Amino acid sequence: MDVNVRMRINGKLRKIDHFPSEDLRGFVNVVKHSGRLDITQQHIAHDGSFMRALGGHIVDIRVSVIPTIYGEKVVLRFLLQDMSQKSLHDSNLPPRIERQLVNVMRKKSGVILVTGPTGSGKTTMLHRAIRHIAGEDINIQTIEEPVEYRAGEFVNQTAVNEARGFTYPMAIKSVLRQDPDVILVGEIRDKETAQIATEAALTGHLVLSTLHTEDALGSIVRLIQLGVAEWLISSTVVTVINQRLIRKFCDCAEDMPMFPGREYFRGMDIDDHVLDALERDWPKYKIKSPVGCKKCDGEGYRSLQVIVEQLTLTSMVRDMIREGKPYREVIDFIRSKHYMNMIFEEGLRQIMLGNTGFEELRDLPRGDYVMKYPEEIIRDATETAETRRVDIETTSLPQAFIVPREVYDPAPEKSEIGMASIKSPPREALR
Ligand SMILES: [Zn+2]
């Protein structure tokens, strides 16, 4: 029997090599030695790391070893340290979103959330955001598990260690005694962390964190489910970025000269009116299809690109959350007033710009809403006079103050928002 070597390249796992199983023991020992792990322990899980210079990059290699029925399985995660050294601008965000994010990063208090599944680049995004404001005049503290990137000068990074009892809540409490301006909390996944993080934001700290949710508004639902009061959420959360990584075409991609017919889009869950518009206006866009060449190993795709949806919590949106309005009503309102493109629509926009192919839509959450027309999707990603007005509103956060919980907390038995999001409402007929 052979040992398979697989690599996840641009999000897809592929077998790239194999070797005889007699060599496994030696290989595992070399890896464990590099990661400073105990070679003699073969029946427990291990974690470690080591640094290497590879292809002109400093790479932090994270080692994870677990025993399986055939021997020890090794996973190496390659973290390019220069990925976080790039700026927010390098993320190629839609201009409107980049500007709003830069805007909220200048705030003295509030919560900025980044959501998405594991491996969607949330940590990279937060570190790029931090780089944007780091300097000698600002006390930035990160609390992470583990620390993935070195954030550079004037940023203090702390790793939580659940096994040794140094938890997120404990770390945040300690950090708060050190008069921080900005706190990056690696992940909010329990009630206590959610509570302490939002309360910190209420007392004059900018808190950045991540949550595992399907979409941006889902993060608000998640916080409610974790027991954070609506008034606390609505007076602290300023913006939510939901993101995914999609594969970007190699230069070998070719123009798709004609609408390929309805059958081509089967299973992609694109609304009929959007397909009608695409068919009618096809030549207006730069739609391409993957080809494959030597440079991209015949894949047609060569790199990854982040795509985002951004939820701006203006005062009206905050009121709707506080009043426990249904999920669908909130989303429709935000989309109509604040030009929010959902992540699926962002994927379609990247296709229309010729950056990626239709197959990348399959991994994006579709959600339950009526899609915008293609020209609206393109327009709403860029700057408009109306979005400028929205910005002014978002910058005037309500005064941060602590209010007695019993006065402001309507203490609903169960949240309307939370409930509505779980069983999604039927998609209505076309507008
Ligand atoms: Zn190629």
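User: Which residues of helix 10 are buried?

Analyst: A residue counts as buried if 20 or more other C-beta atoms lie within 10 Å of its own. In this predicted model, helix 10 spans residues 315-322, and its buried residues are Val317, Arg318, Met320 and Ile321. Because these buried residues fall within an arc of 160° when the helix is seen down its axis, they line one face of helix 10. Just after the helix comes glycine 324, which takes a positive phi of about 70°.

User: How many residues of strand 11 are buried?

Analyst: In a regular strand the side chains alternate between the two faces of the sheet. Strand 11, residues 237-249, is mostly covered, with twelve of its 13 residues buried.

User: Which strands pair with strand 11, and is each pairing parallel or antiparallel?

Analyst: Strand 6, residues 110-115, runs parallel to strand 11 and is joined to it by five bridges; here valine 111 stands opposite valine 237 of strand 11. Strand 14, residues 301-312, pairs with strand 11 in the antiparallel sense, over eleven bridges, and in this pairing isoleucine 246 stands opposite glutamine 305 of strand 14.

User: What share of the residues is buried in the protein as a whole, and what share of the contacts with a separation of 6 or more joins residues 24 or more positions apart?

Analyst: Of the 431 residues in the protein, 36% are buried, in a fold that has 16 helices and 14 strands. Among contacts with a separation of 6 or more, 69% are between residues 24 or more positions apart.

Methods: Residues numbered from 1 in each chain as written. Predicted model: local features only at pLDDT ≥ 70, side-chain atom pairs only at ≥ 80, totals over all residues. Helix = DSSP H or I, 4+ residues; strand = E, 2+ residues; numbered from the N terminus. Contact = placed C-beta atoms within 7 Å. Arc of directions from axis to C-beta. Pairing = 2+ DSSP bridges.
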